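Here is a quick briefing for anyone opening this model for the first time. Have a look at the structure, then read on.

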Amino acid sequence: MTPVTEADVQLLRDALGPLRDREQVAARLLESSARHSFDPDKELDWDAPVEEGKWFWPPELVSLYDTPLWRRMSEEQRIELSRHEAASLASLGIWFEIILMQLLVRHIYDRPVTSNHVRYALTEIADECRHSMMFGRMITWGGSPDYPVPRVYHNLARVLKTVSTTPGSFAATLLGEEILDWMQRLTFPDERVQTLVRGVTRIHVVEEARHVRYAREELRRQMVTAPSWERRLTRLSCGEAARVFSVCFINPQVYEHVGLDRREAVAQVRASGHRAEVMQSGAKRLTDFFEDIGVLNGVGRRLWKRSGLLA
């Protein structure tokens, strides 16, 4: 197969229109990073006490919301569950961002080190380092344990990091970023939520907007220029990543830590129409994008449906 050059790419289109110049996209993202980057250690008041009666996550986004079990819980128990679920999501975010940083390093390993594209990837890695430290500090501040993903999926990620194609890496990046971003956009303006948690989500939303743009532009490019076998593998690996992501989204230990029966809670979450709507709403912008660029085809689409993230 003849390699595709930058000049060739400028003549190519996908369902969303002409592909943009990689260096110009990265230059704009670098400008935005210079204007809107944050140091969480200085921006947030980590000495502030937990605010009595405030949620750690909007109640409508808590997994058991509007289930029979939720209706039996006291308000204090519901807020306590939100504290543990916020810690579970932060733990998931750290796990995912560590994977993402490794995939980004792999992506730029053979690329020109002076290019804007590589400079922005390194900028994003620096952002993700700060985010991971910020999430860890938020867990400690809230007083809950951390919630690592199950060992089988922790080890499965080792395989992903080893065999992932370039488009597969960016598809997985968007999967991890966009659903949590949708939830955090509902969280940071919500005055029912702890002030520090709102500050954490605000920083993450602002900086993740750049990361999403970078990943979307590169995935579009890859789905046009990559060999057909690589595109097929990306569809399959992305569908499997969606399944794993949905399984790991909330660690079921959170239910035990607030005095609930784990099996009953998990069963009610799975049966919850509200929860299904929340997860599919959070994924819709992403699944629409994947539909447009040809990621949601064949077996991969069936895996997405099985994950519950696609109606």
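Predicted model: local features only at pLDDT ≥ 70, side-chain atom pairs only at ≥ 80, totals over all residues.

Residues are numbered from 1 along each chain as its sequence is written, and side-chain values use heavy atoms, with hydrogens and water left out.

- The largest pocket has a volume of about 650 Å³; a pocket is an open set of points on a 1 Å grid over the protein atoms alone, with protein on both sides within 12 Å along at least five of seven lines.
- Its lining has 21 residues, and Ser-246, Val-247, Val-266, Val-269 and Arg-270 sit closest to the centre; a lining residue has an atom within 4 Å of a point.
- Helices H10 (228–248), H12 (262–271), H13 (273–293) and H14 (298–307) each give at least two residues to the lining of the largest pocket, with H10 giving the largest share, four residues. Helices here are DSSP runs (H or I, at least four residues), numbered from the N terminus.
- By type, the lining of the largest pocket splits into eleven nonpolar, six polar and four charged residues. Here Ala, Val, Leu, Ile, Met, Phe, Trp, Tyr, Cys and Pro count as nonpolar, Asp, Glu, Lys and Arg as charged, and the others, Gly among them, as polar.
- The second largest pocket holds about 430 Å³ of space, and Leu-156, Leu-160, Ser-237, Glu-240 and Ala-241 are the nearest to its centre among 21 lining residues.
- H10 turns up again, with seven residues as the largest share of the lining of the second largest pocket. That lining has 16 nonpolar, four polar and one charged residue.

**Cavities**

- How many cavities of 30 Å³ or more does a search of the whole structure find? There are five; a cavity is a set of grid points where a 1.4 Å probe fits but cannot get out.
- The largest cavity has about 90 Å³ of space, a volume being the space filled by probe spheres set on the points, which are joined across faces, edges and corners.
- Its 13 lining residues include Trp-57, Leu-89, Ala-90, Phe-135 and Gln-184, the ones nearest the centre.

- H2 has buried residues at Arg-22, Val-25, Ala-26, Leu-29, Leu-30, Ser-32 and Ser-33; buried means under 20% relative accessible area, exposed over 50%, and partly exposed in between (1.4 Å probe, protein chains only).
- The arc is that of the directions from the helix axis to the C-beta atoms.
- On the face of H2 turned away from the buried side are the exposed residues Ala-34 and Arg-35.
- In H14, the buried residues are Gly-300, Leu-303, Trp-304 and Ser-307.
- They cover an arc of only 105° around the axis, so they lie on the same side of H14.
- Exposed Arg-302 and Arg-306 are on the face of H14 turned away from its buried side.

**Asp-45**

- Asp-45 is in the loop between helix H3 (40–43) and helix H4 (68–72).
- Asp-45 counts as partly exposed because its relative accessibility is 48%.
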